[in-house]
Each structure stands twice: as structure tokens, then as C-alpha cells.
Amino acid sequence: MELLDRVVDYLIDNDLKLATAESCTAGLIVSELARVPGSGQEIDCGLAVYSPKSKNRYLDVRLTTIDEFGLTSERVAKEMALGALYNNEADVALANTGIAGPGGSDDGTPVGTICFAWAFRHDNQIHHFCETRRFNGERNEVRLAAAHYSLERLPHFHHLCLSDAVEQSETGRNFYNEAQHRIAGQLRVSAVIDAQEEIQRRQDFLCRQLEKTGLTALVLGISGGVDSTVAGRLAQVAVEQARERGQEATFIAMRLPYGEQRDADDARRALEFIQPDEILNTNIQDTSDAMLEELEASGLQFKDASHRDFVSGNIKARQRMIAQYAVAGARGGLVIGTDQAAEALMGFFTKHGDGACDVAPLTGLTKRQVRALGHALAAPRELVEKAPTADLESLAPLKTDEDAFGVSYNQIDDFLEGGPVSDHAHEVILSTYRRTEHKRRLPIAPDQPANR
């Protein structure tokens with residue numbers, strides 16, 4: 001108990017809130033600390049995560065990291081600790097992953113090998129440390145020794161955070177790198193993909209959703225851009241795959257122009273490539289304009305013409321989604337979204353408009369990866385490489401996404417894939433990500449009262 005008392009006192013004296021991410025110790029760190037009366041005040045949460053999928057789901061550990069370095073590795077332990085730190089209200093996170101026994105691992109890692117990581121949040125900077133140790137004894141002896149070692153080393157590494165041992169300039173750069181890692185994990189990005197494997201995986205996903213829900217249609221609006229072109233082709237192949245299995249399934253592609261679409265030829269080429277089972281043309285101009293006119297007639301006023309145009313653009317986006325859900329409701333279908341990681345990162349979608357959907361088959365792909373899927377599907381090159389634009393603002397027709405962002409898709413993709421990005425791009429991307437956080441979350445609700 002002496003070690004446990006000492007660690008709890010240290011957490012209290014330094015006002016530290018603890019989170020743990022345990023694999024081989026399976027919650028033993030928190031369980032041991034809980035033996036000390038009053039320790040619960042210093043513990044935020046404890047996660048026991050064994051499988052690769054659980055490490056990815058709850059801690060944003062990249063599956064590519066696990067594939068490259070193995071489950072028993074300092075790289076995985078580091079990502080576990082950072083995930084526990086970022087995803088919870090904690091100042092310090094402990095993580096471990098290893099082989100407690102009785103059998104060894106397939107890659108020959110000896111029994112008793114444990115990889116540790118400690119991550120700290122201090123003065124708006126992130127510090128992390130890793131070690132690997134091997135313990136002797138039976139399985140539960142190894143687990144207990146590993147849990148105690150994590151706690152024993154906590155004060156040592158915290159002192160390093162408070163000392164001059166970590167150069168501030170280096171820490172600042174590490175903060176950028178860890179922010180990239182954290183956000184990429186939350187958005188499910190893999191730095192390297194196999195386009196053909198991703199095509200098959202995402203087609204299978206759509207097919208399974210139809211099977212699980214018992215619904216019989218997929219619905220998607222086609223704009224003529226690469227995202228809807230790729231998602232549309234995945235949907236068409238998915239319903240054909242479902243029909244081969246004896247299931248009723250139809251893909252309904254929708255054209256949803258506002259008046260006359262300036263790049264209508266691109267949408268036509270996209271449909272020719274996709275070859276959907278069914279095409280519905282629905283012009284949203286009258287309904288969108290009527291809504292804006294009714295709002296103004298009721299007394300709503302705008303700051304200027306640009307403000308009015310912006311609100312009108314959101315009405316158009318939501319009207320398109322109303323139409324798609326009406327079709328899905330009438331035909332027993334699921335609405336497909338085209339959101340990918342680059343747009344999710346920048347919050348470049350209308351809440352309850354193009355951001356609303358039932359299934360999002362492009363999730364986790366950067367823009368260049370969506371293009372890679374487009375090329376692998378043999379989509380028309382001019383559509384795959386087309387500069388993405390929006391047609392929502394009448395005062396700025398076909399304004400490119402990159403003009404709206406202030407950074408290029410290449411810079412956004414580099415950020416998501418862990419590559420080097422300029423300080424300016426970092427600042428723009430991170431500030432935009434924080435500002436648009438509300439778009440990526442469920443509606444905000446009151447906190448549960450503390451006494452319940």
C-alpha cells in the first residue's frame with residue numbers, strides 16, 4: 001500500500017487527474033489505486049482495451065500503427081496514452097500493452113514483455129514518454145508488477161515535464177504532431193490505403209447495411225464532383241451485389257439542381273459512369289426561394305446581401321436533404337452521405353443539410369484517397385481531378401472549396417496523413433477544426449446532476 005498511498009498523495013499535491021488505457025493489466029492500475037480511500041477524486045476514468053478495434057474505437061490508435069509495429073510496441077502504447085489524454089478530462093494518462101502470459105506472441109515477443117507510455121498535459125503542451133520492460137513470474141504476477149511500475153514511474157516523468165529537460169521549442173512541434181495524430185484518429189484516417197481493398201470494403205459495408213436494416217434502396221444526390229461520383233458507383237455495385245444474394249435492392253440517384261446548374265455536364269457524365277438503377281430529377285429552386293421569401297415576410301432581416309446569400313445557401317443544402325429523405329421514406333431506403341475526412345476536418349458541410357445521412361461510405365478517406373478510389377473505379381479523369389466547388393451561394397457561383405478554406409486540399413490531406421505542414425496551414429486547419437466542432441457532435445444536452 002505504500003506505493004499506492006504515495007502516488008495518490010502525489011496526484012493530490014500536484015492537482016493531477018488520471019486516466020488509464022490498459023491492455024495486459026485490464027484495469028488493474030485503477031483497481032489498485034481504488035484501494036486508497038479518497039483516490040476516486042483523482043481518477044477520471046480507466047479503460048481496458050484488448051482488441052485492435054477497441055484500441056482504435058476508444059483511443060484513436062491507428063490500425064496502421066498496429067499493423068506496422070505490432071500490439072506489443074511503444075508506438076501503440078504511446079497512441080493509447082495520447083488517446084486517453086485527449087478523449088478525457090485528464091492531466092496525465094498511463095497506458096500499457098504487452099504479453100502477460102502464459103503463452104507468447106506469434107511474433108516471438110517473450111512472455112512478460114510490457115510496453116508503457118505516460119502522457120501529460122502541462123502549460124498547453126503535451127509531453128509523452130515510453131519504456132519497455134520485461135517482468136518475471138506467473139501471469140497475474142506480471143500484471144500486478146506492470147500496474148505498479150506504471151504508477152511508480154509517474155512522478156519521475158511528471159518531474160521531467162516541469163523541468164528544463166524538455167525543450168519548449170521541441171515540445172511545441174510535438175504538440176502539432178500529436179494534434180495531427182489525435183484528429184486523424186478521431187476521423188478514422190489511415191495514412192496509407194490500398195484503393196482496391198477500400199473499394200471492396202466500402203461496397204461490402206453498404207451491402208451489409210441493407211441486409212441489417214431490411215431496407216431495399218440506397219439514395220444519393222449526384223453533383224458531378226468526385227465524392228458523389230465515387231460514392232454513387234460504390235452504391236450501384238453494392239445493390240447489384242445484394243441482388244446477387246437474392247435481396248431486393250435498388251440505387252436511386254438524384255439530380256437536385258437549384259435552377260440551372262452551371263456544371264450540369266459534369267453531373268451528366270457522372271451519371272453515365274455510375275449507371276444507377278434509377279434517376280430522379282428534382283429542382284429545389286422554387287421550394288428554397290419560397291422558404292426564404294416566407295422568412296423575410298415574417299420579419300427576418302439580414303445584415304447585407306452576402307449574409308442573405310449565405311443563409312439562402314444553407315436553405316438549399318437542407319432542401320436537398322429533405323428531398324432525399326422523402327425519396328428514402330417512400331421507397332424504403334437509406335440516404336448516403338458523401339462526407340470524407342478532409343471535409344469533416346474543416347467542417348465544410350451544412351449541419352442537417354449535406355452533413356445529414358444514414359450511411360457515410362467515404363468516412364476516413366482524405367481527398368486524395370477518394371481520388372485514388374475514383375481512378376481505381378475507372379471514373380472519368382476530368383471528374384476525379386476536378387477542383388471541388390460548391391453551388392450554394394448565388395453571389396459566388398462555383399467558388400472553389402480551397403478558396404473558402406484558405407488552405408489547399410493537399411495541405412489538409414498532408415495534415416491528416418501525418419505529413420509535414422507549414423505553420424500557417426497548421427494554424428488555419430486547427431482553428432477551423434475547433435470552430436466547427438459543433439458540427440461533428442450530437443446535439444448538446446445538460447450534464448447529469450452529480451448526485452445521480
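UniProt positions are given in the numbering used here, with shortened feature names, and its annotations may be inferred rather than shown by experiment. The model is predicted, so local features need pLDDT of at least 70 and side-chain atom pairs count only at pLDDT 80 or more, while totals for chains, interfaces and linings use all residues. Residues are numbered from 1 along each chain as its sequence is written, and side-chain values use heavy atoms, with hydrogens and water left out.

**View 1. The residues of the UniProt binding site.** The unreviewed UniProt entry places the feature "binding site" at Asp227 and Glu343. These positions are spread over 117 residues of sequence but cluster in space, with a largest C-alpha distance of 10.6 Å. Asp227 is part of helix α9, residues 226-244 (helices are DSSP runs of H or I, at least four residues, numbered from the N terminus).

**View 2. The two domains.** Domain 1 covers 1-168 and domain 2 covers 185-439; these bounds come from an automatic or database domain assignment. Taken over C-alpha atoms, the domain centres are 40 Å apart.

**View 3. The interface of domain 1 and domain 2.** Four residues of domain 1 are in contact with eight residues of domain 2 (contact means heavy atoms within 4.5 Å). Between them the domains bury about 470 Å², 39% of it on carbon and sulfur atoms; buried area is the accessible area (1.4 Å probe) that two parts lose on being put together, summed over both. In domain 1, Asp60, Arg62 and Thr64 lose the most area to domain 2, together 82% of what that side buries. The count of salt bridges between the domains is zero (a side-chain nitrogen of Lys or Arg within 4 Å of a carboxyl oxygen of Asp or Glu).

Notes. Helices (H or I, at least four residues) and strands (E, at least two) are DSSP runs, numbered from the N terminus.
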